[in-house]
Amino acid sequence: MNTLKKLSYLFAITLLSVSFVACSDHGDEIIIEQQTPSQVLSSTPWETTGAKDKNGNNMTLADASVAGYVGFAYFKTDGSFAIYGLDDILRSRGTWSVDAQGKTRTIAALNPDGTTIFTRDVEILVLNNNEFTYRIRPNANDQSIYYDIIHTRTSHTEPNNGQLTLASTPWETTGAKDKDGNNVALTDASVAGYVGYSYFRANGTFKIIGLDDVLRSQGKWSISPDGKKRTLIGLDANGAVTFTRIVDILTLNENTFTYRITPEATNPAVFYDIIHTRVDHKEP
């Protein structure tokens, strides 16, 4: 390294607050910028790998006190998040942020229509490239009770079977076709029972409202791991099962959700395709 380069190198040290590695054969400098807390959190998926009580004792992740915070978490650079259980079933979705000091993480869990289910602030204890640990205080009236939820960096891929897409918006039935591809009026008795506004919440519950905003059905929903079938389990006000319906998913993207209904299992040649479109309609 000649004298001029040495002087430039020393001058750079006094001016730069970022870390760097310098050492190529030609004296080149590689500058490595420090990440903000938000960048660290969004740099990787996180898996819940441990939990401790206020006395520092290890807890099983199945313990009711912490089970609701366990899963795979994906904090995306666009400010949205999705959390799945360790069984890859969607648990919540919404928006997130971390304060500039990296001391507090905030999430707002959202309904399909964009309304807020809850907002949660937690204290960040550890946040680096390998570990994310926060402290949850479940009882606002007793701050002495808390649990530390430990997450570890993971390479686990976010499920892409359509759960998040289905839960991210309300859906309106906008069309139907018969087995020959002909349009069917939504008032036709063959398809009228499937028409309405659908709200598939990230917690696995659903409501279907008629186009007149009257409740038609509610219960639980799921999508098969391969993304090819959607299941509804209808429940009455007492939690009793009223129906189970499994349909083939034909299209599921940000704008369109189409499934195929076969009214009679013994006659699969007769079917109808029910077409839904993304809509901005608040749940009544």
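Modeller: Start with the rule. A salt bridge is a side-chain nitrogen of Lys or Arg within 4 Å of a carboxyl oxygen of Asp or Glu. Keep in mind that this is a predicted model. Now apply the rule: Lys179 forms a salt bridge with Asp180, with the closest N and O atoms 3.6 Å apart.

Colleague: Which residues do salt bridges with shared partners join into one network?

Modeller: Arg201, Lys207 and Glu283.

Colleague: How many salt bridges does the rule give?

Modeller: The count is eight. Take the one between the side chains of Glu123 and Arg137, at 2.5 Å from N to O. Glu123 lies in strand S8 (residues 116–127), and Arg137 in the loop between strand S9 (131–136) and strand S10 (147–153), so the pair ties together parts that are 14 residues apart in sequence. Glu123 is partly exposed, at 31% relative accessibility. Arg137 is partly exposed too, at 26%.

Colleague: What about Asp148 and Arg135?

Modeller: Their side chains meet in a salt bridge of 2.7 Å, N to O. This pair links distant parts of the chain: Asp148 sits in strand S10 and Arg135 in strand S9, 13 residues apart. Check the burial next. Asp148 has a relative accessible area of 11%, so this residue is buried. Arg135 is at 19%, so this residue also counts as buried.

Colleague: On to strands. Which way do the side chains of strand S4 point?

Modeller: Read along the strand and sort the residues by side. In S4 (residues 72–75), Phe72 and Tyr74 point one way. Ala73 and Phe75 point the other way. All four residues are buried.

Colleague: Which strands pair with S4?

Modeller: Look for bridges. Strand S3 (residues 46–52) pairs with S4 in the antiparallel sense, over two bridges. Ala73 stands opposite Ile83 in S5.

Colleague: Next, the nonpolar cores. Which residues have the most contacts inside the largest one?

Modeller: Phe200, Trp221 and Ile274, in a core of 27 residues. A second, separate core has 20 residues, including Trp46, Phe75, Ile83 and Val98. Phe75 brings us back to S4, and Ile83 to S5.

Colleague: What does Trp221 touch, leaving aside neighbours within four places in sequence?

Modeller: Its contacts include Leu166, Ala167, Phe200 and Phe206. Gln163, Arg201 and Thr231 are also among them.

Colleague: Finish with the whole chain. What do the totals say?

Modeller: The secondary structure comes to three helices and 18 strands. Of the 284 residues, 38% are buried. Now turn to contacts with a separation of 6 or more: residues 24 or more positions apart account for 43% of them. The chain exposes about 15800 Å², and carbon and sulfur atoms supply 50% of that area.

Technical notes:
Residues are numbered from 1 along each chain as its sequence is written. This is a predicted model: local features need pLDDT of at least 70, side-chain atom pairs count only at pLDDT 80 or more; totals for chains, interfaces and linings use all residues. Side-chain values use heavy atoms; hydrogens and water are left out. Buried means under 20% relative accessible area, exposed over 50%, partly exposed in between (1.4 Å probe, protein chains only). Two strands pair if DSSP finds at least two bridges between them. A nonpolar core is a set of buried Ala, Val, Leu, Ile, Met, Phe, Trp, Tyr and Cys residues joined through side-chain atoms within 4.5 Å. Contact means heavy atoms within 4.5 Å. Accessible areas come from the Shrake-Rupley method with a 1.4 Å probe; for residues, only the protein chains shown count as cover.
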